[in-house]
Amino acid sequence: MPRIATMFFKFAVVFLLLGILMGLQMAISGNHNVIGAHAHSNLLGWVTSAVFGGYYALNPAKAETRLAGIHFWIYTVSIAIMIPALYLFYLGYQAVEPLLPITSIAALVAVLVFAVVVYAPAVPSSGRAKLSPAE
Ligand code: HEM
Ligand code: HEM
(Lines give C-alpha, C1' and ligand atoms only; values in the text may rest on other atoms or scores of the structure.)
(Ligands and ions follow the chains in the order given, each with its own letter.)
Protein backbone atom coordinates (compact mmCIF):
# COMPACT_ATOMS: atom_id res chain seq x y z
CA MET A 1 0.00 0.00 0.00
CA PRO A 2 1.38 3.50 -0.77
CA ARG A 3 2.84 5.29 2.26
CA ILE A 4 0.25 8.07 2.15
CA ALA A 5 -2.62 5.55 2.22
CA THR A 6 -1.09 3.91 5.31
CA MET A 7 -0.65 7.35 6.91
CA PHE A 8 -4.31 8.23 6.24
CA PHE A 9 -5.43 4.96 7.86
CA LYS A 10 -3.13 5.42 10.88
CA PHE A 11 -4.63 8.89 11.31
CA ALA A 12 -8.20 7.68 10.71
CA VAL A 13 -8.17 4.89 13.29
CA VAL A 14 -7.13 7.31 16.07
CA PHE A 15 -10.26 9.37 15.36
CA LEU A 16 -12.44 6.24 15.24
CA LEU A 17 -11.16 5.38 18.72
CA LEU A 18 -11.77 8.94 19.95
CA GLY A 19 -15.22 8.97 18.28
CA ILE A 20 -16.21 5.69 19.91
CA LEU A 21 -14.94 6.90 23.30
CA MET A 22 -17.07 10.06 22.96
CA GLY A 23 -20.05 7.93 21.89
CA LEU A 24 -19.60 5.70 24.95
CA GLN A 25 -19.22 8.76 27.16
CA MET A 26 -22.62 9.99 25.92
CA ALA A 27 -24.27 6.58 26.06
CA ILE A 28 -23.04 5.77 29.58
CA SER A 29 -23.67 9.21 31.07
CA GLY A 30 -26.99 9.65 29.30
CA ASN A 31 -25.84 13.18 28.46
CA HIS A 32 -25.57 13.60 24.67
CA ASN A 33 -23.75 16.93 24.98
CA VAL A 34 -20.74 16.14 22.74
CA ILE A 35 -22.78 14.80 19.79
CA GLY A 36 -21.18 17.18 17.26
CA ALA A 37 -17.62 16.27 18.27
CA HIS A 38 -18.54 12.55 18.24
CA ALA A 39 -20.24 12.77 14.81
CA HIS A 40 -17.37 14.72 13.19
CA SER A 41 -14.60 12.67 14.80
CA ASN A 42 -16.20 9.62 13.25
CA LEU A 43 -17.19 11.21 9.91
CA LEU A 44 -14.40 13.74 9.17
CA GLY A 45 -11.72 11.92 11.21
CA TRP A 46 -12.42 8.26 10.51
CA VAL A 47 -14.73 7.84 7.48
CA THR A 48 -13.42 10.66 5.25
CA SER A 49 -9.75 9.95 6.05
CA ALA A 50 -10.29 6.25 5.33
CA VAL A 51 -11.97 7.11 2.00
CA PHE A 52 -8.92 9.28 1.12
CA GLY A 53 -6.63 6.38 2.14
CA GLY A 54 -8.68 3.98 0.02
CA TYR A 55 -8.49 6.32 -2.98
CA TYR A 56 -4.68 6.53 -2.74
CA ALA A 57 -4.39 2.77 -2.23
CA LEU A 58 -6.30 2.29 -5.50
CA ASN A 59 -4.33 5.05 -7.30
CA PRO A 60 -0.70 4.50 -6.21
CA ALA A 61 0.68 6.79 -8.93
CA LYS A 62 -1.34 9.73 -7.62
CA ALA A 63 -0.30 8.82 -4.06
CA GLU A 64 3.30 9.67 -5.03
CA THR A 65 2.51 13.21 -6.18
CA ARG A 66 3.40 16.33 -4.23
CA LEU A 67 -0.27 17.39 -4.24
CA ALA A 68 -1.23 14.20 -2.37
CA GLY A 69 1.25 15.13 0.38
CA ILE A 70 -0.12 18.67 0.55
CA HIS A 71 -3.64 17.23 0.77
CA PHE A 72 -2.61 14.87 3.59
CA TRP A 73 -0.89 17.48 5.74
CA ILE A 74 -3.49 20.26 5.41
CA TYR A 75 -6.33 17.82 6.07
CA THR A 76 -4.85 15.92 9.01
CA VAL A 77 -3.49 19.01 10.81
CA SER A 78 -6.86 20.78 10.48
CA ILE A 79 -8.83 17.76 11.76
CA ALA A 80 -6.32 17.06 14.56
CA ILE A 81 -6.97 20.59 15.86
CA MET A 82 -10.68 20.77 14.99
CA ILE A 83 -11.91 17.64 16.80
CA PRO A 84 -10.39 18.35 20.25
CA ALA A 85 -11.54 21.99 19.87
CA LEU A 86 -15.05 20.82 18.96
CA TYR A 87 -15.10 18.48 21.97
CA LEU A 88 -14.08 21.33 24.31
CA PHE A 89 -16.57 23.66 22.60
CA TYR A 90 -19.47 21.24 23.20
CA LEU A 91 -18.35 20.96 26.85
CA GLY A 92 -18.80 24.73 27.12
CA TYR A 93 -15.25 26.09 26.61
CA GLN A 94 -16.21 29.02 24.35
CA ALA A 95 -12.60 30.24 24.10
CA VAL A 96 -11.80 27.57 21.48
CA GLU A 97 -14.54 28.83 19.13
CA PRO A 98 -12.18 30.81 16.80
CA LEU A 99 -10.36 27.56 16.00
CA LEU A 100 -13.51 26.08 14.45
CA PRO A 101 -13.90 28.33 11.37
CA ILE A 102 -10.12 28.37 10.83
CA THR A 103 -9.81 24.57 10.86
CA SER A 104 -13.03 24.17 8.84
CA ILE A 105 -11.72 26.46 6.09
CA ALA A 106 -8.39 24.59 6.16
CA ALA A 107 -10.29 21.30 5.76
CA LEU A 108 -12.15 22.82 2.81
CA VAL A 109 -8.83 23.84 1.22
CA ALA A 110 -7.53 20.28 1.72
CA VAL A 111 -10.62 18.87 0.00
CA LEU A 112 -10.15 21.32 -2.89
CA VAL A 113 -6.57 20.02 -3.24
CA PHE A 114 -7.98 16.48 -3.23
CA ALA A 115 -10.45 17.49 -5.97
CA VAL A 116 -7.49 18.63 -8.09
CA VAL A 117 -5.77 15.27 -7.44
CA VAL A 118 -8.94 13.40 -8.48
CA TYR A 119 -9.49 15.42 -11.68
CA ALA A 120 -5.83 15.54 -12.70
CA PRO A 121 -4.90 13.14 -15.50
CA ALA A 122 -3.59 9.77 -14.29
CA VAL A 123 0.21 9.73 -14.03
CA PRO A 124 2.20 6.55 -14.60
CA SER A 125 3.89 5.20 -11.44
CA SER A 126 7.69 5.67 -11.46
CA GLY A 127 8.29 1.89 -11.51
CA ARG A 128 6.05 1.26 -14.49
CA ALA A 129 7.31 4.28 -16.38
CA LYS A 130 10.75 2.69 -16.63
CA LEU A 131 9.38 -0.44 -18.34
CA SER A 132 9.58 -0.56 -22.12
CA PRO A 133 6.86 -2.49 -24.04
CA ALA A 134 9.23 -5.44 -24.60
CA GLU A 135 9.59 -5.94 -20.84
C1 HEM B 1 -19.52 2.18 20.08
C2 HEM B 1 -19.57 3.18 19.20
C3 HEM B 1 -20.58 4.30 19.27
C4 HEM B 1 -21.39 4.74 20.28
C5 HEM B 1 -21.49 4.20 21.70
C6 HEM B 1 -22.15 5.86 19.77
C7 HEM B 1 -23.07 6.62 20.51
C8 HEM B 1 -23.78 7.67 20.05
C9 HEM B 1 -24.71 8.46 20.82
C10 HEM B 1 -25.06 8.22 22.29
C11 HEM B 1 -25.21 9.44 20.01
C12 HEM B 1 -26.22 10.51 20.38
C13 HEM B 1 -27.59 10.13 19.83
C14 HEM B 1 -28.62 11.23 20.01
O15 HEM B 1 -28.53 12.04 20.94
O16 HEM B 1 -29.56 11.31 19.19
C17 HEM B 1 -24.58 9.27 18.70
C18 HEM B 1 -24.83 10.07 17.60
C19 HEM B 1 -24.19 9.94 16.38
N20 HEM B 1 -23.28 8.98 16.04
FE21 HEM B 1 -22.53 7.56 17.25
N22 HEM B 1 -21.80 6.08 18.46
C23 HEM B 1 -20.85 5.14 18.11
C24 HEM B 1 -20.23 5.02 16.89
C25 HEM B 1 -20.44 5.82 15.79
C26 HEM B 1 -19.75 5.71 14.50
C27 HEM B 1 -18.67 4.67 14.20
C28 HEM B 1 -20.26 6.68 13.70
C29 HEM B 1 -19.91 7.04 12.27
C30 HEM B 1 -19.10 6.34 11.50
C31 HEM B 1 -21.25 7.42 14.47
C32 HEM B 1 -21.98 8.48 14.01
C33 HEM B 1 -22.90 9.19 14.74
C34 HEM B 1 -23.61 10.34 14.21
C35 HEM B 1 -23.50 10.93 12.80
C36 HEM B 1 -24.44 10.81 15.25
C37 HEM B 1 -25.35 12.03 15.18
C38 HEM B 1 -26.71 11.53 14.75
C39 HEM B 1 -27.72 12.67 14.72
O40 HEM B 1 -27.35 13.83 14.42
O41 HEM B 1 -28.89 12.41 14.99
N42 HEM B 1 -21.33 6.88 15.73
N43 HEM B 1 -23.72 8.21 18.75
C1 HEM C 1 -15.33 21.26 7.71
C2 HEM C 1 -16.39 20.56 7.36
C3 HEM C 1 -17.69 20.55 8.13
C4 HEM C 1 -18.29 21.55 8.86
C5 HEM C 1 -17.79 22.96 9.08
C6 HEM C 1 -19.53 20.99 9.40
C7 HEM C 1 -20.42 21.71 10.19
C8 HEM C 1 -21.54 21.17 10.79
C9 HEM C 1 -22.46 21.90 11.65
C10 HEM C 1 -22.33 23.38 12.02
C11 HEM C 1 -23.42 21.03 12.05
C12 HEM C 1 -24.59 21.33 12.98
C13 HEM C 1 -24.17 20.93 14.39
C14 HEM C 1 -25.22 21.22 15.44
O15 HEM C 1 -26.38 21.46 15.11
O16 HEM C 1 -24.87 21.16 16.64
C17 HEM C 1 -23.11 19.75 11.45
C18 HEM C 1 -23.84 18.60 11.64
C19 HEM C 1 -23.58 17.39 11.02
N20 HEM C 1 -22.58 17.14 10.10
FE21 HEM C 1 -21.12 18.40 9.60
N22 HEM C 1 -19.66 19.70 8.99
C23 HEM C 1 -18.57 19.39 8.20
C24 HEM C 1 -18.32 18.19 7.58
C25 HEM C 1 -19.14 17.08 7.64
C26 HEM C 1 -18.90 15.84 6.90
C27 HEM C 1 -17.73 15.62 5.93
C28 HEM C 1 -19.89 14.98 7.24
C29 HEM C 1 -20.14 13.58 6.78
C30 HEM C 1 -19.23 12.80 6.15
C31 HEM C 1 -20.77 15.69 8.20
C32 HEM C 1 -21.87 15.15 8.80
C33 HEM C 1 -22.67 15.81 9.72
C34 HEM C 1 -23.77 15.17 10.44
C35 HEM C 1 -24.20 13.71 10.32
C36 HEM C 1 -24.34 16.17 11.25
C37 HEM C 1 -25.50 15.99 12.24
C38 HEM C 1 -24.91 15.51 13.56
C39 HEM C 1 -24.68 16.60 14.56
O40 HEM C 1 -25.65 17.22 14.99
O41 HEM C 1 -23.52 16.91 14.90
N42 HEM C 1 -20.26 16.96 8.41
N43 HEM C 1 -21.97 19.86 10.67
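I will go through the ligand shell, the nonpolar core and the annotated segments of this predicted model. Residues are numbered from 1 along each chain as its sequence is written, while chains are lettered from A and ligands numbered from 1 in the order in which they are written. As the model is predicted, local features need pLDDT of at least 70 and side-chain atom pairs count only at pLDDT 80 or more, while totals for chains, interfaces and linings use all residues.

Ligand 1 to begin. Its shell has 14 residues, the closest being Gly23, Met26, His32, Ala39 and Asn42; a residue is near if its C-beta atom, placed from the backbone, lies within 6 Å of the molecule. Helices H1 (3–29) and H2 (35–58) each give at least two residues to that shell, and H2 has the largest share, 7 residues. Helices here are DSSP runs of H or I, at least four residues, and strands are runs of E, at least two, numbered from the N terminus.

Now the core. Which residues of the largest nonpolar core touch the most other members? They are Ile4, Phe8, Tyr56 and Ile83, out of 27 residues. Two or more residues come from each of H1, H2, H4 (66–91) and H5 (99–119), with H4 giving the largest share, 9 residues. Such a core is a set of buried Ala, Val, Leu, Ile, Met, Phe, Trp, Tyr and Cys residues joined through C-beta atoms within 7 Å; buried means 20 or more other C-beta atoms within 10 Å of the residue's own, again placed from the backbone.

Last, the record. An unreviewed UniProt entry lists residues 37–58, 70–93 and 99–120 as "transmembrane region", in the numbering used here, and such annotations may be inferred rather than shown by experiment. Residues 70–93 are 92% helix and 0% strand, with end C-alpha atoms 31 Å apart.

Terms used:
Buried ≥ 20, exposed ≤ 12 C-beta atoms within 10 Å, placed from the backbone.
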